[in-house]
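Here are my notes on the model. Please read them beside the coordinates.

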Amino acid sequence: MKITFFGHASLGIQVGDIHILVDPFISANPKASMINIETLKADYILLTHAHQDHILDVEAIAKRTNAVVVSNFEIVSYFEKLGIEGHPMNLGGQWDFEFGNVKYVNAIHTSSFPDGTYGGQPGGFVIEGEHKNIYIAGDTALTMDMQLIPLYIKLDLAILPIGDNFTMGVDDAILASNFVKCDKVLGYHFDTFGYIEIDHEDAKRKFFDKGKDLMLLEIGESIEL
Ligand code: NI
Ligand code: MN
């Protein structure tokens with residue numbers, strides 16, 4: 001499983017020859033100007049919730065690639081009205097896709113489209129592919145529900161928001177890492193806007209002091225699990 005950071009909360013996940021995009025917000029992110037959405041590959045687009053900074057580039061990418069949008073029922077219905085194919089899920093449900101299993105799990109946040117349309121309940125994803133298991137928390141507060149995840153799966157990586165203000169910050173993300181029983185963390189949802197700028201070295205040191213590894217990727221950089 002190869003994971004690429006496209007800035008903010010946007011990720012590429014490659015499982016075998018299947019390309020998955022998560023929460024594409026790239027074209028309006030000045031920090032991600034080196035990423036061209038016209039050339040991104042996508043077979044599936046996973047969306048945690050309906051906020052602009054997670055769905056901005058969905059329509060353009062899905063119409064070019066015919067990618068299937070995977071999200072909650074409300075978000076999938078919204079994109080189906082735009083002619084985009086979708087796979088609706090809801091909290092607690094899982095499904096075996098061609099690349100592996102996806103479970104849509106709880107997140108504590110809000111979820112409305114930029115035009116005000118209701119975006120359902122926000123969520124995160126637990127993805128199993130090529131015998132690697134990852135948790136993508138989405139925009140969320142620290143929540144006790146995270147403790148449910150290690151009851152049914154052993155994670156290889158937890159992708160957690162660390163920018164604070166709109167989501168968990170670093171200290172709560174460390175507790176979240178305890179809750180999901182995964183010491184290997186990829187931080188996201190930081191630095192994009194003034195409200196969520198963080199001190200990288202301070203964040204890494206806080207994780208290190210608890211025996212954990214916080215990875216912060218450059219935009220466009222990948223890791224292999
Ligand atoms: Ni949000
Ligand atoms: Mn967000």
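1. Aspartate 139 bridges the nickel ion (ligand 1) and the manganese ion (ligand 2), which lie 3.2 Å apart. Histidine 109 sits in the loop between strand E8 (100–106) and strand E9 (123–129), and aspartate 139 in the loop between strand E10 (132–136) and strand E11 (157–161). The two residues are 30 residues apart. Helices (H or I, at least four residues) and strands (E, at least two) are DSSP runs, numbered from the N terminus.

2. This is a predicted model, where local features need pLDDT of at least 70 and side-chain atom pairs pLDDT 80 or more, while totals for chains, interfaces and linings use all residues. Residues are numbered from 1 along each chain as its sequence is written, chains are lettered from A and ligands numbered from 1 in the order written, and side-chain values use heavy atoms, without hydrogens and water.

3. Donors are N, O and S atoms within 2.8 Å of the metal (3.2 Å for Na, K and Ca); water is not among the atoms, so sites may look incomplete.

4. Aspartate 139 is buried, at 2% relative accessible area. Histidine 109 is partly exposed, at 22% relative accessibility. Buried means under 20% relative accessible area, exposed over 50%, partly exposed in between (1.4 Å probe, protein chains only).

5. Strand E3 (residues 18–22) and strand E4 (residues 44–46) pair in the parallel sense over three bridges. Pairing requires at least two DSSP bridges between two strands. Leucine 21 stands opposite isoleucine 45 in E4.
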